[in-house]
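User: Please take a close look at the charged side chains here, starting with how they pair up. I would also like to know where they sit and what lies around them.

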Amino acid sequence: MTRISVKKKVREILTSFLEVNQLRKTPERYAILEAIYDMEGHFTLEELGGILEKSNFRVSRATLYNTMKLFIEMRLVIRHRFIGRTMYEACYRNENHIHQVCTVCGKVKEEAFPDISDAINNARLKRFRRDGFTLYIYGICSTCQARITRKKNRMKKSETK
């Protein structure tokens with residue numbers, strides 16, 4: 001599915017949801033949805049607000065929070081609670097996630113592990129319908145590990161002098 005067709009589909013989903021639940025079809029909701037599906041990867045509410053502001057579409061923090069809550073309920077957005085921060089990402093047609101999270105710098109990298117995905121997708125779950133999954137693998141990224149190693153080496157050198 002192309003980005004344009006995904007954006008069209010999520011707009012249709014939003015419109016249907018708002019009509020069925022007798023909620024208002026506000027320009028803010030559609031602008032926020034459009035901005036989210038134009039973004040790549042994870043984002044914070046501050047980043048989303050900044051993008052909307054750059055396109056001359058100001059929304060209050062309360063509107064952002066309430067709209068994100070609605071989109072999460074609709075399964076158009078997923079909320080991640082990474083180390084010390086909350087991030088979001090568009091999740092329509094992107095349900096299965098495996099994230100590597102650095103516990104030192106907080107960097108998050110999405111990875112594809114077909115064996116893990118297959119195992120989870122083929123697991124027999126009792127009395128439960130699977131919609132998707134998110135897996136978090138915590139550890140230390142290579143950049144932070146190299147920094148830690150250099151620091152240890154410097155400390156060893158200063159101790160031997």
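Analyst: Before we start, a word on the element names: helices (H or I, at least four residues) and strands (E, at least two) are DSSP runs, numbered from the N terminus. Please also keep in mind that this is a predicted model.

Let's begin with the paired charges. The whole structure holds 5 salt bridges. One of them joins the side chains of E34 and K7, with an N to O distance of 2.7 Å. This pair brings together distant parts of the chain, since K7 belongs to helix α1 (residues 3–20) and E34 to helix α2 (residues 27–38), 27 residues apart. K7 counts as buried because its relative accessibility is 16%, and the cut-off for buried is under 20%. E34 has a relative accessible area of 30%, so E34 is partly exposed.

I13 is partly exposed, at 25% relative accessible area. Its C-alpha atom is 19 Å from the C-alpha of Y88, a residue 75 positions away along the chain.

Now follow the chain onward to the next charged pair. R61 and E46 form a salt bridge whose closest N and O atoms are 2.7 Å apart. Here too distant parts of the chain are linked: E46 is in helix α3 (residues 45–54) and R61 in helix α4 (residues 61–73), 15 residues apart. E46 is partly exposed with 46% relative accessibility, and R61 is partly exposed with 45%.

The surroundings of this pair are worth a stop. T44 sits in the loop between α2 and α3. With a relative accessible area of 13%, T44 is buried. The C-alpha of T44 is 42 Å from the C-alpha of K157, and 113 residues separate the two along the chain. In the loop between α3 and α4 you will find N56. N56 is exposed, as its relative accessible area of 71% shows. Its backbone deserves a glance as well: N56 is not a glycine, yet it has a positive phi of about 60°. That stands out because most residues other than glycine have a negative phi.

T67 is buried, with a relative accessible area of 4%.

Past that helix comes R75, in the loop between α4 and β1 (77–82). R75 has a positive phi of about 65° although it is not a glycine. R75 is partly exposed, with 41% relative accessible area. Between the C-alpha atoms of R75 and L125 there are 21 Å, and the two residues are 50 apart along the chain.

K109 and E111 form a salt bridge, with 3.1 Å between the closest N and O atoms. K109 is partly exposed at 47% relative accessible area, and E111 is partly exposed at 26%.

Finally, which charges gather in a patch on the surface? They are R147, R150, K151 and R154, and the patch is positive. R150 is a handy one to zoom in on, as it lies in helix α6 (residues 142–160). R150 has a relative accessible area of 47%, so R150 is partly exposed and passes the area cut-off.

To put the picture together: the E34 and K7 pair links helices α1 and α2, the R61 and E46 pair links helices α3 and α4, and a positive patch on the surface includes R150, which is in helix α6.

Notes:
Residues numbered from 1 in each chain as written. Predicted model: local features only at pLDDT ≥ 70, side-chain atom pairs only at ≥ 80, totals over all residues. Heavy atoms only, no water. Patch = residues over 30% accessible without salt bridge, like charges linked within 9 Å, V, L, I, M, F, W, Y side chains within 5 Å. Areas by Shrake-Rupley, 256 points an atom, 1.4 Å probe, with all protein chains shown as cover. Salt bridge = Lys/Arg side-chain N within 4 Å of Asp/Glu carboxyl O. Lys, Arg positive; Asp, Glu negative; His and termini not counted. Charge placed at Lys NZ, Arg CZ, Asp CG, Glu CD. Buried < 20%, exposed > 50% of the residue type's maximum accessible area, 1.4 Å probe, protein only.
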